[in-house]
Amino acid sequence: MTRLTTNDASDHPAIALLEQLIRCRSVTPNDAGCQDILAERLQQLGFACEPMPFGEVSNLYARRGDTDPVLCFAGHTDVVPPGADDEWNSDPFEPIIRDGDLYGRGSADMKSGLAAMIVALEEFIASHANFDGSLAMLITSDEEGAARDGTLKVMQALQARGEKIQWCVLGEPSSHSSLGDMVRVGRRGSLSGMLTVRGIQGHVAYPELADNPIRRFAPILAELHTIEWDKGNENFPPTSFQVVEIHAGIGFPNVTPGELTARFNLRYSTEWNHDRLKTRVHEIFDAHEVDYELNWHLSGEPFLTQPGKLIDAVVDAVKEITGNAPELSTGGGTSDGRFISPAGTDVVELGPVNASIHKIDEHVRIDDVITLTTMYKRIMELLLA
Ligand SMILES: [Zn+2]
């Protein structure tokens, strides 16, 4: 492969592994061989590797040690499709380094996290073969897609056999403008509503003979938009309601529609759970005279990791290495943390800068991948050495 840099950093084992992973075309939910590469490295370190496939999804759970506490590194091998290949400045599945950045689909989200974890584990175990507790890795190929047969199912299987994880570091790209400036200690909940409002189609000049569902829905929509769901709290921004789609009308100027469909989403704080939110929304609809049907989809309840040893270790590791304490955030979309946290596991997300994720020409700074390796290793030393 062409190297357009003379930086010695590109010879680092985490960079070599990252390049190997990017060459696997693991468009979700296809793992494309990534987990075999990781499992081989983990086996050499003495991990018991357990493939846990569900449906067409590949999952890998690996563990070294059989005592508590368990520190688990988690992440995903799948990537979003590259989009228009010809808009990329280089092949999205052929890693290339330009000016200290490594380009390729998944370079930031989140194959660099996985590569840094593996090399950090190798370095840590080389110097601390008899660490306290256990180390584990939980890897899925179903994070970017439906997320039904991935981390969720693995966590269910682990819980069914009574296996507990105390601490989890998720390698999602959490950083904002420089490595370690932000870590996620929780995420908002996400609840979607699929709405149908039924009316009676009619002539626009005879509204008394019709029942226009747009007119029925308009005041409800206004109320949903203006309501103060909560003020947020010290860890979460206020809950927000957003409409993402509205359809009504037959495309003809003198006909009022017989039906309206809409789709909306609530991103909510720990002030709510999904049952109470649904009840509140139904109360608003029921206060109006409207014939409607509402179907719900819950992507995940909010979660929050409380202050404790894991957050302390992550904050201390980042501070020692960058000189600055990270901001503890609950922003952004959902993550697989929503499936891990309910088991009573503390979850913190620490990974590279997220500015280019899912975009054309996704990239990561190679120095950041190397520094991230050091951060992960330091977290292990602080928790298990
Ligand atoms: Zn990701």
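Trainee: Why is His12 called buried?

Mentor: Its relative accessible area is 18%, and buried means under 20% (exposed is over 50%, partly exposed lies in between; the probe is 1.4 Å and only protein chains count). His12 therefore falls on the buried side of the cut-off. A word on the source: this is a predicted model, in which local features need pLDDT of at least 70 and side-chain atom pairs count only at pLDDT 80 or more, while totals for chains, interfaces and linings use all residues. Residues are numbered from 1 along each chain as its sequence is written, and side-chain values use heavy atoms, with hydrogens and water left out.

Trainee: Where is His12 found?

Mentor: In the loop between strand 1 (3-4) and helix 1. Helices are DSSP runs of H or I with at least four residues, strands are runs of E with at least two, and both are numbered from the N terminus. Leaving aside neighbours within four places in sequence, His12 is in contact (heavy atoms within 4.5 Å) with Val119, Glu123, Ile370 and Thr373.

Trainee: What makes helix 1 oblique to helix 3?

Mentor: Their axes come within 8 Å and cross at roughly 135 degrees. Axes are lines fitted to C-alpha atoms, for helices over the stretch in contact, with angles from 0 to 180 degrees between N-to-C directions. Angles under 35 degrees count as roughly parallel, over 145 as roughly antiparallel, 65 to 115 as roughly perpendicular and the rest as oblique. So helix 1 is oblique to helix 3. Among the residues that meet are Leu17 and Leu21 in helix 1, and Leu114 and Ile118 in helix 3.

Trainee: Which are the protein donors of the zinc ion?

Mentor: His76 (NE2), Asp109 (OD) and Glu172 (OE), at 1.9 to 2.1 Å. Donors are N, O and S atoms within 2.8 Å of the metal (3.2 Å for Na, K and Ca), and water is not among the atoms, so sites may look incomplete. His76 is in strand 4 and Asp109 is in helix 3, 33 residues apart.

Trainee: How do you know that Asp109 counts as buried?

Mentor: Its relative accessibility is 5%, which sits under the 20% limit. His76 is buried too, at 0%.

Trainee: What joins the side chains of Ser192 and Asn265?

Mentor: A polar contact of 3.1 Å. The term covers a pair of N or O atoms within 3.5 Å; within protein, one must be able to donate a hydrogen and the other to accept it, and residues adjacent in sequence count only if both atoms are side-chain atoms. Ser192 is found in strand 11 and counts as buried at 16% relative accessibility.
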